[in-house]
Amino acid sequence: MGDTTMLKAFSKMPSIYRAVVLIVGAPGVGKHQLAKALVAAGNQPPLQVRTVTHLPLPEETQSRRPRIDFVIFMVDQTNRQSFMTVKQSLQFLDLTYMMGKICFVLTQVNNTICRSVSFGAIRQLADNCRSQLLCCNMQNAEELKCTAHQLIYKLYSSVGLKSNVTDLLIECTKAAKPAENSVTL
């Protein structure tokens, strides 16, 4: 894996006029629905959403590509290939994204009969990346809108547009949380 195929958070200067989100997921997981909901929910600064089926991104578009501020990985719980695509794509993501610049969105959670990926495996993947895992029913417009607003808030805090909230503060808060089995005196 060459250095040019790795998606790096700080390889380009940020734009103060827009935030750029990349949604990664296998075909059919609802990337375009989520992209439309994000654009409808985000207003300041303008939001640009790009979708891809997997990483790495093509090298030939590297010079024209804007800085990616936030990456959303979508997993369909009824599609094992979507989980494998996300897992393989993580290899091409620089570790600097693991500090609050990624999020996992899990779809088809209510479809208990057709599950091909366990919730525990997806939760473990999100935990390994120190990332949040959101569950969303893509057929429910209100739930999709709520998920989009949660992602917008996370995006704006990760690019420094929310006052008094930063990725580092969120990470420190997670690290300072006592373990469930610990005893405090």
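Here are some numbered notes on this predicted model, going from the overall fold down to single contacts.

1. **Overall make-up.** The protein has five helices and five strands. Read from the N terminus, these elements follow the order β-α-β-β-α-β-α-β-α-α. Of the 185 residues in the protein, 44% are buried. If you look at contacts with a separation of 6 or more, 77% of them come from residues 24 or more positions apart.

2. **The sheet.** The five strands make an open sheet, ordered β2-β1-β3-β4-β5, with parallel pairing. At the edges sit β2 (47-52) and β5 (132-136), each of which pairs on one side only. On average, and with direction ignored, neighbouring strands of the sheet are turned by 25° against each other.

3. **Two strand pairings worth a look.** Strands β1 and β2 are paired in the parallel sense, with six bridges between them; here Val24 has Val52 in β2 as its bridge partner. Strand β3 (residues 70-76) is likewise parallel to strand β4 (residues 102-107), and six bridges join the two. Within that pairing, Phe73 stands opposite Phe104 of β4.

4. **Strand β1 from both sides.** How many of the six residues of β1 are buried? Six of the six are, so the strand is largely enclosed by the rest of the structure. In a regular strand, side chains alternate between the two faces of the sheet. For β1, one side carries Ala19, Val21 and Ile23, the other Val20, Leu22 and Val24, and all of these are buried, so both faces are covered, because buried here means under 20% relative accessible area.

5. **Helix α1 on the sheet.** Helix α1 (residues 31-41) packs on the sheet and touches β1 (19-24), β2, β3 and β4. Its direction makes about 175° with that of β2.

6. **Helix α2 and its buried face.** Helix α2 (residues 80-89) lies across β1, β3 and β4, and runs at about 150° to β3. Its buried residues are Ser82, Phe83, Thr85, Val86 and Ser89.

7. **The start of α2.** At this end of the helix, Asn79 has a side-chain oxygen that comes to within 2.9 Å of the backbone nitrogen of Gln81.

8. **Ser82, a buried residue of α2.** Ser82 is found in helix α2, and its relative accessibility is 0%, so it counts as buried. Which residues is Ser82 in contact with, leaving aside neighbours within four places in sequence? They are Ala26, Val29, Met74, Val75 and Asp76.

9. **Thr85, also in α2.** Thr85 lies in helix α2 and is buried, because its relative accessible area is 10%, below the 20% cut-off. Not counting residues up to four places away in sequence, Thr85 touches Ala26, Thr53 and His54.

10. **Salt bridges.** A search of the whole structure turns up two salt bridges. In one of them, Arg67 is joined to Asp69, with 3.4 Å between the closest N and O atoms. Are these two residues buried or exposed? Arg67 counts as buried at 15% relative accessibility, and Asp69 is buried with a relative accessible area of 6%.

11. The side chains of Arg123 and Asp127 meet at 2.8 Å, N to O, in a salt bridge. These two residues are four apart in helix α3, so about one helical turn separates them. Arg123 is partly exposed, with a relative accessible area of 28%, and Asp127 is partly exposed too, at 40%.

Methods
Residues are numbered from 1 along each chain as its sequence is written. This is a predicted model: local features need pLDDT of at least 70, side-chain atom pairs count only at pLDDT 80 or more; totals for chains, interfaces and linings use all residues. Side-chain values use heavy atoms; hydrogens and water are left out. Two strands pair if DSSP finds at least two bridges between them. Axes are lines fitted to C-alpha atoms, for helices over the stretch in contact, and angles run from 0 to 180 degrees between N-to-C directions. Contact means heavy atoms within 4.5 Å. Buried means under 20% relative accessible area, exposed over 50%, partly exposed in between (1.4 Å probe, protein chains only). A polar contact is a pair of N or O atoms within 3.5 Å; within protein, one must be able to donate a hydrogen and the other to accept it, and residues adjacent in sequence count only if both atoms are side-chain atoms. A salt bridge is a side-chain nitrogen of Lys or Arg within 4 Å of a carboxyl oxygen of Asp or Glu.
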